[in-house]
Amino acid sequence: MSHKAFRYEQVVHKLEETIIGLGLQPGDKLPSVRRVKDELKVSLTTVNQAYAILEAKGAVISRPGSGYYINSFNKNPLARSAAKNLVPLPEIVEVSSMAAAMIKNTVKHSVINFSSLAPINEYLPITKLNKAMQASAKEEKNIFQYSFLEGHPRLQKQIALQSFEWKKSIKQEEILITNGSTEAIGLCLDVLTKPGDIVAVESPTYAGLLQCLESKGLKALAISMDPITGLNLDELETALATNKVAACLFMPVCQNPYGCSMSEESKIKLVNMLGEKSIPMIEDDTLGELNFAKSRPLPAKAYDSYNNVLLCSSFSKSLVPGFRIGWVAGARYHAEIEKLKFSANISTNGLLQDTIGRFLETGNYHAHIKKLREFAQIQIIKYRNTIQEYFPDTVKISCPKGGYSLWIELPENLNALVLQREALKYGIGFCPGQIFSASDRYKNCMRINCCPLWSSKIADALKMLGKLVHALSDGH
C-alpha cells in the first residue's frame, strides 16, 4: 500500500474488487475492519474511512456490533415502483410564500440551521482567494469599471478548460457569466418560455427552481425520481407525448434533494430524447462537483450533439457562496440569453470574477474539490448514523451519491411543517418536504443539510429532532 495520502482510496478499491471477485450478494457480510487492517497493513482509521465512503456510496450498510454488509440498490428504502401508464399533469406552482416564510423563520429562530445548503468557511480556501483578490485589485487597471458583458476572459477560459476532455467541449465564447446559477436558469427560462407554458421538472426538486417557475407564471410538469438512478425516463417520454412542453429543467448529476446521479447511458438517452423532439433542456449542474464517485460524472451537456442543452452552474456550492458567481453555456440560444443579460443588469461583478479566475489558474481547484467531497461524505455519514439511531425505525433515509444533504421520509401521519414549527422552539431549522413540490406533496418528508460542522451540539440537535418525530408520530 504505497502513497500514504491515498491509502483509504486504495482500500476502497480493494474492497470493491473483493465484492466483485467473490460475487457477494446483498446481505453478505464483508471482512471485519481489523481483518482488512491486518491483511492490507494499514491503520484502523484508514479502513474505517474506506468503509465510510462505501457506505456513503450506498454499496454497504453498517450494523452496530455486527459489521458491514452488502447493501441492495434494488431494495433502497426510499425506492418506489412507478405506477404503470402514469401521465403527469401540469401544475400551477405556488411555493414562494411557503419558502419565504421558512427562510425568515429559520433565520429568526434557529440556532442550528439544517436548511441552507452551502459549504462552511472551514472548508473554503479563503486565504488563497484573498490573495487572488488582492492581486486582481492591484494588477487589473479596469477592474473598477463595468465588466465585460459576457464575463471576464480569465474566468471564461478557466471554465471552458473544465470541459477539455468532453467529446464536445465548450468554447470560451460560449460561456456567459451570471449572478449565480439562479440568474443563469432564469435567463434561460425567459428565452425559452412565456407565461402559462409548461416546464418539465423532477419530483421532488430544488425549491429555488420551483420559485423561479412561479415568478414567471410557468406550470410545472412533475416527473418522478428514483432515489438511486434519478429521473424516470419512461414517465418523461409519456409526459412529452401528452403535453406541449416548452422546456425541461433537470439536475442529472447530484440531484437536489435526493443526491442521486443518472448513469452515462441514461444521460445520453435523455439528451437524445429531447434533442429529437427539439425540446430544450436546462441542466442545473450546481452540485455536480460534489459527486462522491472516483471520477466526476460528466453533465448531460457533454453528450449533447443537438446543441440543445443549456448548461447552468456556479461556484456557490463548490468554492465561494458569498460571491454569487455563476455561468451558462446557452447552446443555440446563447446570443438571445446574452441580450437578456445586458438588458437586465449589464454585467456581473468583475473583481469577483477575476478573483475566481486567478484561483483556478493556480491549479488548486481540483485539490480543494477533492477535500470538499471528502468532508461532505464524512459529514453525511455522521449525520445519517445519528438519525438512524435516534429517529423511529420506520423513518427512511436517502443514501446520496453526492451533495450536502439527506432526504428523510417520516411516518405517514407526521406533517413536516408541524415538525418544523416545533423544532424552531428549540432553535433548530430544516427544510420541510412540501417546498420541493409544486402541489404540496412530500408532507411527511424533510431535507437535512449536513454542512454544519459535526459536533456534540449538532448531535444533540439531531437527537432532539428524533424526540420530536417520536412524539408527533405517536400523536403527542
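In the predicted model, Ile 223 is found in strand 7, which comprises residues 219-226. Ile 223 has a relative accessible area of 0% and is therefore buried. The C-alpha atom of Ile 223 is separated by 9.8 Å from that of Phe 250, a residue 27 positions away along the chain.

This strand belongs to a protein chain that holds 15 helices and 17 strands. Of the 476 residues of the protein chain, 55% count as buried. Among the contacts in the protein chain between residues at least 6 apart in sequence, 75% join residues that are at least 24 apart.

The C-alpha atoms of Asn 243 and Ile 198 are separated by 8.1 Å, while the two residues are 45 residues apart along the chain.

Helix 5, which runs over residues 126-139, has 14 residues and reaches 20 Å from its first C-alpha to its last, a span close to the 20 Å expected at 1.5 Å a residue. The buried residues of helix 5 are Leu 129, Ala 132 and Ser 136. These residues lie on the same side of helix 5, because they cover an arc of only 60° around the axis. On the other side of helix 5, the residues Thr 127, Lys 131, Gln 134 and Lys 138 are exposed. The partner of the buried residues of helix 5 is helix 12 (350-361), against which they pack.

Two further helix pairs were examined. Helix 7, formed by residues 180-192, and helix 11, formed by residues 334-345, pack at an angle of about 115°, and their axes are 9 Å apart. The crossing of these two helices, helix 7 and helix 11, is right-handed. On the side of helix 7, the contact involves Glu 183, Leu 187, Cys 188, Asp 190 and Val 191, which meet Glu 336, Ile 337, Leu 340, Lys 341 and Asn 345 in helix 11.

The residues of the contact of helix 13 with helix 15 divide into six nonpolar, three polar and one charged.

The backbone geometry was also considered. Most residues other than glycine have a negative phi, and most peptide bonds are trans. Against this background, the peptide bond that joins Ser 203 and Pro 204 is cis, with omega at about 5°. Pro 204 is placed in the loop between strand 6 (198-203) and helix 8 (207-215). A cis peptide bond is also present from Asn 256 to Pro 257, where omega is near 25°, and Pro 257 is found in the loop between strand 9 and helix 10 (264-277).

A positive phi is found at Ile 346, with a value of about 65°, although this residue is not a glycine. Ile 346 lies in the loop between helix 11 and helix 12, and at 34% relative accessibility Ile 346 counts as partly exposed. Tyr 442, which is not a glycine either, has a positive phi of about 60°. The loop that holds Tyr 442 runs between strand 16 (431-432) and strand 17 (445-449). At 17% relative accessibility, Tyr 442 counts as buried, whereas Ile 346 counts as partly exposed.

Conventions: Residues numbered from 1 in each chain as written. Predicted model: local features only at pLDDT ≥ 70, side-chain atom pairs only at ≥ 80, totals over all residues. Heavy atoms only, no water. Axes fitted to C-alpha atoms, helices over the stretch in contact; angles between N-to-C directions. Helix = DSSP H or I, 4+ residues; strand = E, 2+ residues; numbered from the N terminus. Left-handed = near helix turned anticlockwise from the far one by under 90°. Contact = heavy atoms within 4.5 Å. Expected span 1.5 Å × (residues − 1). Buried < 20%, exposed > 50% of the residue type's maximum accessible area, 1.4 Å probe, protein only. Arc of directions from axis to C-beta. Nonpolar A, V, L, I, M, F, W, Y, C, P; charged D, E, K, R; others polar.
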